Amino acid sequence: MKHYIGLVMYVFLSCPAGALSAEWPDSLLKKCQTAQSTGYLTAEEKAVVMYINMVRINPKLFADTYLKDYLDSAAIEKTSYLSSLLKDLNNMQATGCIEPKFDLYEMAKKHATEMGVKGKVGHNSPTGETYEMRAAHLSKRYKKVFENCQYGYGDAFSIVIDLLIDEGIPSLSHRKSLLNPEVLYIGVSIKKHKTYVYNTVIELSSEIKKK
């Protein structure tokens with residue numbers, strides 16, 4: 001779960017759709033848009049997938065363009081978490097793009113909707129189901145499953161950057177899962193939240209189990 005106590009620490013800037021860096025060739029951007037033709041995702045949810053793919057497919061270029069532009073224009077505290085993100089992106093090897101899966105989306109949508117209506121946070125459902133209980137059906141299909149929850153932002157760029165910085169999370173679990181080379185599939189849902197305006201749930205999974 002993404003922390004929510006420090007939500008006011010950052011004021012993220014939405015990255016306009018028409019402001020894509022010239023340093024990103026069209027062929028590379030197109031490769032990152034794996035959710036473009038997915039009918040059940042909103043434009044912002046598709047953009048979440050695209051930004052995650054951009055970081056994965058060329059982490060250093062993302063750091064030198066999108067992240068740099070953001071840091072140059074936003075009043076953001078230069079914390080150790082931000083420093084470690086920059087170090088990770090400049091040193092990590094590129095990995096593959098991830099693709100949307102409907103069953104992952106269904107689970108993300110259900111949790112985001114229920115938590116938003118109740119104003120709750122975390123991985124346990126409002127009725128007390130743990131993540132392991134909620135994800136039991138996914139664990140039967142995929143070798144590994146992960147869940148990220150983010151609160152307070154409704155635009156894709158802010159959501160992804162917040163999870164990548166992972167401020168206040170010593171394990172960096174959100175950053176690590178988004179950049180995990182074993183992750184192949186994604187489901188994402190952005191819903192209104194009673195307390196934090198918006199909440200986003202991202203389900204991630206590794207390869208499908210062989211029958």
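This is a predicted model: local features need pLDDT of at least 70, side-chain atom pairs count only at pLDDT 80 or more; totals for chains, interfaces and linings use all residues.

User: In what order do the four strands of the open sheet stand?

Analyst: Helices (H or I, at least four residues) and strands (E, at least two) are DSSP runs, numbered from the N terminus. Two strands pair if DSSP finds at least two bridges between them. Here four strands form an open sheet in the order 1-3-4-2, with mixed pairing. Strand 1 (99–100) and strand 2 (145–151) are at the edges with a single partner strand each, so one side of each has no neighbour in the sheet.

User: How many bridges join strand 3 to strand 4?

Analyst: Strand 3 (residues 185–193) and strand 4 (residues 197–205) run antiparallel and are joined by nine bridges. Within this pairing, V188 has I202 of strand 4 as its bridge partner. Strand 4 also pairs with strand 2, again in the antiparallel sense, over seven bridges; there E147 is partnered by E203 of strand 4. As a general idea, side chains in a regular strand alternate between the two faces of the sheet.

User: Which strands does helix 8 touch?

Analyst: Contact means heavy atoms within 4.5 Å. Axes are lines fitted to C-alpha atoms, for helices over the stretch in contact, and angles run from 0 to 180 degrees between N-to-C directions. Helix 8 packs on the sheet and touches strand 2, strand 3 and strand 4, its direction making about 115 degrees with that of strand 2. Helix 5 (residues 102–118) lies across strand 1, strand 2, strand 3 and strand 4, at about 20 degrees to strand 3.

User: How many residues of helix 8 are buried?

Analyst: Buried means under 20% relative accessible area, exposed over 50%, and partly exposed in between (1.4 Å probe, protein chains only). In helix 8, ten of its ten residues are buried. Strand 2 is largely enclosed by the rest of the structure, because six of its seven residues are buried.

User: With which residues is I159 in contact, leaving aside its neighbours within four places in sequence?

Analyst: I159 belongs to helix 8 (residues 156–165) and counts as buried, at 0% relative accessibility. With those neighbours set aside, the contacts of I159 are V48, Q150, Y153, G154, I190 and T200. The C-alpha atoms of I159 and E44 are 9.9 Å apart, although 115 residues separate the two along the chain.

User: At what angle do helix 3 and helix 4 pack?

Analyst: Helix 3 (residues 59–73) packs against helix 4 (residues 80–91) at about 145 degrees, with the axes 8 Å apart. Among the residues making this contact are F62 and L67 of helix 3 and L85 and L89 of helix 4.

User: Where are L172 and V197 found?

Analyst: L172 is in the loop between helix 8 and helix 9 (173–179), and V197 is in strand 4. Phi of L172 is near 50 degrees, a positive value in a residue other than glycine; for V197, also a residue other than glycine, phi is positive and near 70 degrees. L172 is buried, with a relative accessible area of 14%, whereas V197 is partly exposed at 49%. Just after helix 8, D166 takes a positive phi of about 60 degrees.

Definitions and conventions. Residues are numbered from 1 along each chain as its sequence is written. Side-chain values use heavy atoms; hydrogens and water are left out.
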